[in-house]
Amino acid sequence: MHAIRVVRHASERGGWEMVLASPPAHLAAHIRDYCGYREATPTPLRRQELPGVQVVVILEFGPLLKHLDDAGRVTRHRSGFIAGLDERWSTTEHTGVSHGLQVNLTPLGARRVLGLPLHELSHRVVGLEDLWGLEARRLVEQLAETPRWEARFAHVDAFLTRRMERGPAVDSGVRWAVERIHQAGGNLDIATLARELGHSHKHLIHQFHEHVGLPPRRLARLLRFDRAVQRLKAGGPVRWADFAVELGYFDQAHLNRDFRQFTGGPPSALLRRSLPDAGGFESGSQVKSVQEGPGAEGQDAR
């Protein structure tokens, strides 16, 4: 059974519910987490989505999300979509209702599940049905008709396990290198990493393009940014110069430069935002109720 946490919010600007779950042990190396969600707002809501060290799979039960690119072009994907690793934020919008399930795959887990070179997904959003055809539609319909989140997560577990069993093997050297980068928090000399593997720098980059989607140096930079975001989400006072050094940035200017690329603004601007009113973090002052444990999903969490 999954460990489930339910977080709810209500205000004059709308309400949302997130059902957060960790994957079972046999999938923990491939899936970061699950998030079932339902949101309702009186007007359309546009949100900035931050990049992270995961390949995002969205299974949509309700009205389809819009994706807006830098040129203002809008796309929608029936059943949902997959977003590869990226180094910039993206923008989504819904009409006032959003309902679905998000799966955050590790890059190596995505390689197993999707079965294609991950550089083909980098900086892209691809429709689920473009990749999985009717199999994607059947999965989403089954999930939408299933009444409880625990059962939905179990369906997704089984679906992803089947895909991984017939997916390609991940290069052992790449797996080791990715683990080393994670252990170092993104602060690792890539040339040294290549030498430890006995590979040329060029060969290591090629392998990362295939199995991860980004070259190792850019993955390390994204990981360091992701750690910074998780640290800010945890709350508490922040002294920016110390914060930068703690995460391995050369100085505060280096931290600010990465945040401006990944979010469009400085870290202080991200810290001031709150879900769902400004499309950022959840804010404790806005949370109506928080429940933990397998029994927390209840009838309201459908």
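Reader: On what basis are the values given?

Author: Residues are numbered from 1 along each chain as its sequence is written, and side-chain values use heavy atoms, with hydrogens and water left out. As the model is predicted, local features need pLDDT of at least 70 and side-chain atom pairs count only at pLDDT 80 or more, while totals for chains, interfaces and linings use all residues.

Reader: At what angle do helix α5 and helix α8 pack, and how far apart are their axes?

Author: Two packed helices are described by the angle between their axes and the distance between the axes. Here α5 (residues 172-183) and α8 (residues 216-233) pack at about 35°, with axes 10 Å apart; axes are lines fitted to C-alpha atoms over the stretch in contact, and angles run from 0 to 180 degrees between N-to-C directions. Helices are DSSP runs of H or I with at least four residues, and strands are runs of E with at least two.

Reader: Which residues make the contact?

Author: V178, I181 and H182 of α5 meet P216, L219, A220 and L223 of α8, contact being heavy atoms within 4.5 Å.

Reader: Is strand β5 buried or exposed?

Author: In β5 (residues 55-60), 6 of 6 residues are buried, that is, under 20% relative accessible area with a 1.4 Å probe, protein chains only. V55, V57 and L59 point one way, and V56, I58 and E60 the other.

Reader: Which strands pair with β5?

Author: Strands pair if DSSP finds at least two bridges between them. β5 pairs antiparallel with β10 (residues 97-105) over 6 bridges, and 4 bridges join β5 to antiparallel β8 (residues 80-83). I58 has Q102 as its bridge partner in β10 and stands opposite F81 in β8.

How values were computed. Buried < 20%, exposed > 50% of the residue type's maximum accessible area, 1.4 Å probe, protein only.
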